[in-house]
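User: I am new to this structure. Please display it, and then let us examine it by question and answer.

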Amino acid sequence: MNEKAKRYTDKVKILWNDRTGLQKGLLVGSVLIILLIIAVIIALFSRTNYAPLYSNLTLAETGQIQEVLQTRGVSVQVSNDGTTIHVPEADVDRLKVELAAEGLPQSGSIDYSFFQEQMGFGMTDNEFTVIERSLMQTELAELIRSISGVQNANVIITIPEDSVWLSSGQESATAAVVLDLAAGQSLEQSQVKALYHLISRSVPNLPIENIVLSDSNFNNYTYQEEEVSPVASFQSQREVKQEIESDLKQTIMQLLGAVVGQQNAIVSVTTDIDYTQEQRVEDLVEAVDEEEMTGIAVSAERINELYEGSTSTGEGVTGTGEEIPNYTGVVPGGDSESERSEERINYEVNRIHREIIESPYRVRDVSIQVMVNPPEGMAQLPAQQTADLTEMLQTIVRTTLPTTDGAEIQNINDRVVVSSMPFAETAAVDADQEAGGVPTWMFVVGGGFIVVIVVLIVLLMRGRNHGAELALDETAEEDTYIEKEPVPFSDRPETDEKKRVRDLNYLANEKPEEFSKLLRTWLSDD
């Protein structure tokens, strides 16, 4: 095999040496070009094309979706400062449906920016809005048709126009979806929930309550939140309460461990947790200048009027009037002037709109009980040390309980109790030592040692007995062999070879000269 390989190698070398420099260059260049073409083809076919899945996400939700996709083995790319997620183009539609079934994302929308790139130059805003809405409806219908059991879907989306007035609130979009289900198919609640999330996140500013979902048989599908059973609710509340108390207890034990030691303190923490979740809307009107209780003047109107003229101020004789008897007549008087000033100012105040969602699990009250083992020889802790521990625990209570506008917590002394007395186990041990008795743990350890020693002795005795049995067996075998009487050497028949060896030994010992001559004769014959 090696000769064949060497022969082929020699032929190749001869063939290569017979070629000119130009031929050699062309051959090497052709091979390199072929390899480069193969590498480019492999790179093109193995390259993954990415398409945007969601955009305008929060950073927290981008990380959540990225983690979910990576656990499923999907390659993910993030762009636009962490607000847009790109996935392989072939998986976009499938991932949109699957993530919508899980209620993801909570913010953001499906990216339709690639539609805008296809628009021609010079298109008006109205034309763009119509085309964009049509494309959104078509894309959303395609996504819904990919759900199992849905043969066709008709989607109508209404997007309100942006108002030019700042004071007017932004109106929400609406959507109506009619499904054509396969024969005998019906949507489960999980599928209905997935559809509502998919539609809501596909259209900007589209809340779930503005979506109408029905099928061709006029069956309406409403969005229903998952009901939490009372048992599950109680269990979750209980776990939250235990976790809060455990954290407080661990913090207190760390502080007390540095002061009195971990084994010299027992801590009990009891909390009262508020489990209610409140959601409210506040519309407040406040003055800009709270001291003067005035706002900002946005418009002012001032009117100044001045009148000059002559008036009749003289009085005539009573009863001389022609039409009214007993009326005092008026005679012409002198000049008169009048002036009127009027000022109108419109003030603007602070109009505050708040949408407040208060999370549950707030600590309404907490109480701490601490039992401390005093030092050896003391019945209780010194009063100063007890006061210091109490002050330290009161500080923990102040930082744990919620306060309103920095108000002082009332009855904080009743929430902390620090007491000291010798622990029962320590007292029992001291009593045993004073009585000269041996502690119980020493009996347990001694008993364990005795058991180990007994087991070792039993194993050793078994090993010796087994060795003795083996020795007896070997002795018996030797005795059996010895019992066979060997044949005496003199009684054995002597062969020719043994006779020849015996004669050579005799010559070597008695006649060495003849023995050497015999050896030389044998060597010369060889």
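User: What is the relative accessibility of Y361?
Analyst: Y361 counts as partly exposed, the class between buried (under 20% relative accessible area) and exposed (over 50%), with a 1.4 Å probe and protein chains only. This is a predicted model, in which local features need pLDDT of at least 70 and side-chain atom pairs count only at pLDDT 80 or more, while totals for chains, interfaces and linings use all residues. Residues are numbered from 1 along each chain as its sequence is written, and side-chain values use heavy atoms, with hydrogens and water left out. For Y361, the relative accessibility is 38%.

User: How many aromatic pairs are there?
Analyst: Rings of Phe, Tyr and Trp (its six-membered ring) pair if their centres lie within 6.5 Å; planes under 30 degrees apart are stacked, over 60 edge-to-face, and the rest tilted. Under this rule, the number of aromatic pairs is two.

User: How many residues separate Y196 and Y223?
Analyst: Helices (H or I, at least four residues) and strands (E, at least two) are DSSP runs, numbered from the N terminus. Y196 belongs to helix α7 (residues 189-202), whereas Y223 lies in the loop between β6 (211-215) and α8 (230-259). The pair thus links distant parts of the chain, with a separation in residues of 27.

User: What kind of pair do the rings of Y275 and Y361 form?
Analyst: The centres of these two rings are 5.9 Å apart, with the planes at 80 degrees. Because of this geometry, the pair is edge-to-face.

User: Which loop holds Y361?
Analyst: The pair joins distant parts of the chain, its members being 86 residues apart. Y275 is in the loop between β7 (265-274) and β8 (278-286). Y361 is in the loop between β13 (350-358) and β14 (362-372).

User: How many residues of α7 are buried?
Analyst: Among the buried residues of α7 are V192, L195, Y196 and I199. Their cover includes α4 (92-101), α6, β5 and β6, where contact means heavy atoms within 4.5 Å. Helix α7 is mostly covered, and of its 14 residues the number buried is ten.

User: Which are the edge strands of the open sheet of three strands?
Analyst: Two strands pair if DSSP finds at least two bridges between them. The sheet has the order β4-β5-β6, with mixed pairing. The strands that pair on one side only are β4 (150-158) and β6.

User: In β5, which residue is the bridge partner of I156?
Analyst: Strands β4 and β5 (residues 174-181) run antiparallel and are joined by eight bridges. Within β5, the partner of I156 is A176.

User: Which residues of the largest nonpolar core touch the most other members?
Analyst: A nonpolar core is a set of buried Ala, Val, Leu, Ile, Met, Phe, Trp, Tyr and Cys residues joined through side-chain atoms within 4.5 Å. The largest core has 28 residues. Elements giving two or more residues to this core are α4, α6, β4, β5, α7 and β6. The members touching the most others are I144, L179, L187, I199 and L213.

User: What share of the residues of the protein counts as buried?
Analyst: The protein has 13 helices and 15 strands. Of its 526 residues, the buried share is 22%.
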